[in-house]
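Keep the structure open beside the text as you read.

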Amino acid sequence: MALKLVLEPIFEVDFYASSYGYRPGRRSQDAVAEIVHFANPPSSYEWVIEGDLEACFDRIDHRALMAEVELRIGDRRILALVRAFLRAGVMTGAGNFERRLTGTPQGGIVSPLLANIALSALDREFEQRWDDMSRYTGRRQYLRSKGLPTYRLIRFADDFVVLVKGTKAHAEAITAELPTILKPMGLTLSATKTLLTHIDEGFNFLGFRIQRRVRRDGRPCIYTFVSDEALASVKRKVKALTKARTRNLALHQLLRSLNPVLRGWTAYFRFAAAKRTLSYLGHFAWWRVVRWLRKKHPKSTWKWIWRRYGLAGRPQEAGLSLYDPAKVAIIRYRFRGNKIATPWNDVDARAPGHRRMTFDEAEFLSRVEESLIYG
């Protein structure tokens with residue numbers, strides 16, 4: 001963590017606005033909001049390349065990653081420490097030690113940052129193309145008038161989409177270029193998860209179902225729904241918590257485990273068109289808890305259970321009641337773009353005249369000492 005606290009400010013100022021995963025002040029809703037922004041009129045990007053990197057954290061080439069790190073870090077001791085983290089190895093599920101010649105150890109605190117550094121090569125390629133397509137006002141419109149495509153990358157960790165405004169052939173050509181861009185980092189695309197989709201058909205990204213539909217007034221609009229996989233996932237969690245093995249618990253103990261699951265899932269999807277989905281989830285959780293109570297008290301009457309646990313509303317006990325997702329207000333998440341603030345926005349590493357930053361040993365040691373004292 002001490003190493004991450006020192007490295008993150010240095011590399012964060014170099015990361016691009018199209019990257020959202022594992023970065024301070026950014027979240028998955030920002031990535032979805034950018035997709036909606038570019039797919040909605042007047043931009044109306046129609047073709048979507050759904051990219052998924054195969055075993056991204058396990059296959060990043062160490063040499064290529066260290067080359068990216070060395071562009072910004074000059075202290076050999078820190079570079080040696082980063083190499084040590086990469087070569088540390090992992091413990092398997094069986095408890096065996098396994099060395100890794102590629103990849104960043106999953107579960108390591110600094111691994112997400114290192115993965116972002118490696119994948120910045122992908123961001124950089126598409127950002128350079130985007131800057132070229134936007135050299136002056138109206139250039140993108142000019143390119144499209146000449147039959148050329150315009151496209152934009154949005155990435156969250158190892159999941160990314162490329163929005164294309166052009167023909168299907170243009171989108172297929174861009175898809176064919178992706179393996180060449182990723183090869184220097186030792187990464188490959190997943191053949192089964194990399195798809196080319198039209199926005200009218202819809203696609204899944206970060207748990208959301210994004211699709212263009214026609215509104216009542218006849219105008220096209222991008223909608224974000226809860227994907228079937230995301231709903232099925234939370235239902236499995238609710239079922240697991242209300243199975244027979246938990247019947248020895250009191251109701252308030254069950255609710256302490258169940259409510260955070262419902263509350264967290266609802267908070268994540270409250271920005272989607274999910275009013276009916278949240279109502280259904282609340283109804284589903286109510287019935288699961290009621291069935292759990294019936295089997296917990298097999299000799300009690302239904303009337304007694306109804307009165308004892310207040311089933312006219314949400315099941316409750318000891319001042320704790322079942323969380324109701326349906327009461328959460330659905331709000332629209334605004335696209336923030338380059339307005340997303342970070343603690344280091346006042347430093348522009350790409351400004352003219354900047355020089356490569358290096359570590360101050362005293363600062364690094366003080367960070368280590370703080371982490372050891374204060375956790």
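Begin at alanine 157, which sits in the loop between β4 (150–156) and β5 (159–165). Keep in mind, as we go, that the model is predicted. The backbone here deserves a look: alanine 157 is not a glycine, and yet its phi is positive, at about 55°. Is this residue buried or exposed? With a relative accessible area of 7%, alanine 157 is buried, because anything under 20% falls in that class.

Follow the chain to the peptide bond from proline 41 to proline 42, which is cis, with omega near 10°. Proline 42 belongs to the loop between α2 and β1 (47–52).

Now step back to the whole chain. The protein chain has 13 helices and 11 strands, and its C-alpha trace spans about 75 × 60 × 40 Å along the principal axes. Of the 375 residues, 47% are buried. The accessible surface comes to about 20200 Å², and carbon and sulfur atoms account for 52% of that area. As for charge, the chain carries 63 positive and 38 negative charges, and the mean positions of these two sets are 12 Å apart.

Take valine 110, in the loop between β3 (97–98) and α6 (111–133). Which residues does valine 110 touch, not counting those up to four places away in sequence? They are Leu3, Lys4, Leu7 and Phe85. Lysine 4 lies 106 residues from valine 110 along the chain, and yet their C-alpha atoms are separated by 5.6 Å. Valine 110 is buried, with a relative accessible area of 9%.

Setting aside neighbours within four places in sequence, lysine 235 is in contact with Tyr280 and Phe284.

Next, turn to the loop between α8 and β6, which holds serine 190. Serine 190 counts as buried, at 8% relative accessibility. Beyond residues up to four places away in sequence, serine 190 touches Asp52 and Glu54. Glycine 51 is 139 residues from serine 190 in sequence, but the two are 7.7 Å apart in space, C-alpha to C-alpha.

Lysine 193 lies in the loop between α8 (168–182) and β6 (195–198) too. At 52% relative accessibility, lysine 193 counts as exposed. Apart from neighbours within four places in sequence, lysine 193 is in contact with Glu50 and Asp52. Leucine 278, by comparison, is 85 residues from lysine 193 in sequence and 28 Å away in space, C-alpha to C-alpha.

The largest pocket holds about 680 Å³ of space. Of the 26 residues that line this pocket, Val36, Asn40, Cys221, Ile222 and Arg332 are the closest to its centre. Both α2 (28–39) and β9 (220–226) supply at least two residues of the lining.

How many cavities of 30 Å³ or more does the structure hold? There is one, and the largest cavity has a volume of about 30 Å³. The residues that line the largest cavity are Phe57, Leu86, Val90, Arg100, Thr102, Gly103, Thr104 and Pro105.

Definitions and conventions: Residues are numbered from 1 along each chain as its sequence is written. This is a predicted model: local features need pLDDT of at least 70, side-chain atom pairs count only at pLDDT 80 or more; totals for chains, interfaces and linings use all residues. Side-chain values use heavy atoms; hydrogens and water are left out. Helices (H or I, at least four residues) and strands (E, at least two) are DSSP runs, numbered from the N terminus. Buried means under 20% relative accessible area, exposed over 50%, partly exposed in between (1.4 Å probe, protein chains only). Accessible areas come from the Shrake-Rupley method with a 1.4 Å probe; for residues, only the protein chains shown count as cover. Lys and Arg count as positive and Asp and Glu as negative; His and the chain ends are not counted. The place of a charge is taken as NZ of Lys, CZ of Arg, CG of Asp or CD of Glu. On a 1 Å grid over the protein atoms alone, a cavity is a set of points where a 1.4 Å probe fits but cannot get out, and a pocket is an open set with protein on both sides within 12 Å along at least five of seven lines; lining residues have an atom within 4 Å of a point. Grid points are joined across faces, edges and corners, and a volume is the space filled by probe spheres set on the points. Contact means heavy atoms within 4.5 Å.
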